[in-house]
Amino acid sequence: MSGLTLAEAQKALTAGLKKADEIGQPMNIAVVDAGGHLLAFARQDGAIRASIDISQRKARTSILMNMPTGDLAALVQPGQELYGLEQLSGGMVPFGGGLPVHRDGELVGAVGVSAGSVEQDTQVAQAAVDALT
C-alpha cells in the first residue's frame, strides 16, 4: 500500500483552500504522510500565525491516534482516561480540525486545519479529505 503522493496532497490542499474561501475564513492547512511528515502546507493571507504550528500538530495527532482530533476532546478532560495526552509526543492537539486519510482501510496520511473556530477548521479539513475519496 502506498501513502499519499505530493499530487494527492496538493489536491487536498486545493480543496481545503477553496472551502476556506467559501466560508470566508483564512486558514492554515497541513497535509502529512502516514509518518506524520509534512507533504504540503498553505497559509492563507490573514490566517493567524499561531495556527501554522497548530495545523501541523492536528495532522500529526490524527496520524498518531488514527482518529479525528475532535474525537479526543472528551477523552482528555480531567478525570478521563487520556487526561494529559496533549503533553505527549511533542504536543498533541485534542480538538477538531485534524482528520486521518484512509485508503482501502489503511492509514495513508492526514489533514490538519487551524485558524477558525473548531467547526470551521473541521469543515475545511473534511473538504480536503473528501477530495481524496
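Which residues of the largest nonpolar core touch the most other members? I began with that, keeping in mind that this is a predicted model, in which local features need pLDDT of at least 70, side-chain atom pairs count only at pLDDT 80 or more, and totals for chains, interfaces and linings use all residues. Residues are numbered from 1 along each chain as its sequence is written, and side-chain values use heavy atoms, with hydrogens and water left out.

**Core.** I looked up the core (buried Ala, Val, Leu, Ile, Met, Phe, Trp, Tyr and Cys residues joined through side-chain atoms within 4.5 Å) and found that, of its 21 residues, Met27, Ile29, Val31, Val101, Val111, Val113 and Val124 touch the most other members. Two or more residues each come from helix 1, strand 1, strand 2, strand 3 (98-103), strand 4 (106-114) and helix 3; helices (H or I, at least four residues) and strands (E, at least two) are DSSP runs, numbered from the N terminus. For Val111 I listed contacts (heavy atoms within 4.5 Å), leaving out residues up to four places away in sequence, and these include Ile29, Val31, Ala59, Leu99, Val101 and Val129.

**Helix 1.** I checked the length of helix 1 (residues 6-23): its 18 residues at 1.5 Å a residue should span 26 Å, and the end C-alpha atoms are 26 Å apart, which agrees; the expected span is 1.5 Å times one less than the number of residues. Ala9, Ala12, Leu13, Ala15, Gly16 and Ala20 are buried in helix 1, where buried means under 20% relative accessible area, exposed over 50% and partly exposed in between (1.4 Å probe, protein chains only). Down the axis of helix 1 these buried residues fall within an arc of 165 degrees, so they line one face; the arc is taken from the directions from the helix axis to the C-beta atoms. They pack against strand 1 (28-33), strand 2 (38-43) and helix 3 (118-130), while the face turned away carries the exposed Ala7, Thr14, Lys18, Asp21 and Glu22.

**Hairpin.** I noted that strand 3 and strand 4 pair in the antiparallel sense over six bridges, pairing being called if DSSP finds at least two bridges between two strands. Two residues lie between them in the hairpin, and Asp104 in the turn has a positive phi of about 50 degrees.

**Asp121.** I ended with Asp121 in helix 3, which is buried, with a relative accessible area of 3%. The side chain of Asp121 reaches the backbone nitrogen of Gly116 at 2.9 Å, and among the residues that Asp121 touches are Met27, Lys58 and Val113.

Definitions and conventions: Polar contact = N/O pair within 3.5 Å; in protein donor to acceptor, adjacent residues only side chain to side chain.
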